[in-house]
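Hello,

Here is the structure I promised to hand over. Please open it first, then read my notes below.

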Amino acid sequence: QVQLVESGGGLVQPGGSLRLSCAASGSIFSINAMGWYRQAPGKERELVAAITSGGSTNYADSVKGRFTISRDNAKNTVYLQMNSLKPEDTAVYYCNLEVLLVGKVLINYWGQGTQVTVSS
């Protein structure tokens, strides 16, 4: 009923920047919280950043001051601007959206994941 399409990952040198996007489409009434998670090889998936419907944000300590999460409600899209990237940021990044469907059912959706590799 809802499709999520992530984009923006890739290979970047340390100190570089990337911008991730996650666009949702389908039978959407509204979207509550939106977030970005990441999972590095051999590690558990962790929250990177989240934003509420009201615009409040929270970040993992490891990315504070370097990453910025934002949302465009008209486009049902969440973004993650990543600056000053470090090798330890290398991971598969997943968006997560809490979607209220047209039928007033609340469902949590995950994106397909996009690889971010920070290496010289």
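Leucine 11 stands opposite threonine 117 in β11. That contact belongs to a parallel pairing: strand β2 (residues 10–12) and β11 are joined by 3 bridges. Strands here are DSSP runs of E with at least two residues, numbered from the N terminus. Two strands pair if DSSP finds at least two bridges between them.

Before going on, note that this is a predicted model: local features need pLDDT of at least 70, side-chain atom pairs count only at pLDDT 80 or more, and totals for chains, interfaces and linings use all residues. Residues are numbered from 1 along each chain as its sequence is written, and side-chain values use heavy atoms, with hydrogens and water left out.

β11 has another partner. Strand β9 (residues 91–101) pairs with β11 in the antiparallel sense, over 3 bridges. In that pairing, alanine 91 stands opposite valine 116.

Which side chains of β11 are buried? Along residues 114–118 the side chains alternate. Thr114, Val116 and Val118 point to one face and are buried. Buried means under 20% relative accessible area, exposed means over 50%, and partly exposed lies in between (1.4 Å probe, protein chains only).

Now the salt bridges. The term means a side-chain nitrogen of Lys or Arg within 4 Å of a carboxyl oxygen of Asp or Glu. By this rule the count comes to 4.

Start with arginine 38. Its side chain meets that of glutamate 46 in a salt bridge, at 2.7 Å from N to O. Arginine 38 counts as buried, at 6% relative accessibility. Glutamate 46 is partly exposed, with a relative accessible area of 35%.

Arginine 38 also forms a salt bridge with aspartate 89, where the closest N and O atoms are 3.0 Å apart. This pair links distant parts of the chain, 51 residues apart. Arginine 38 sits in strand β4 (residues 28–39), and aspartate 89 in the loop between β8 (77–82) and β9. Aspartate 89 is buried too, at 1% relative accessibility. Salt bridges that share partners join Arg38, Glu46, Arg66 and Asp89 into one network.

Lysine 64 forms a salt bridge with aspartate 61, the closest N and O atoms being 3.1 Å apart. Aspartate 61 counts as exposed, at 64% relative accessibility.

Best wishes

Terms used. Helices (H or I, at least four residues) and strands (E, at least two) are DSSP runs, numbered from the N terminus.
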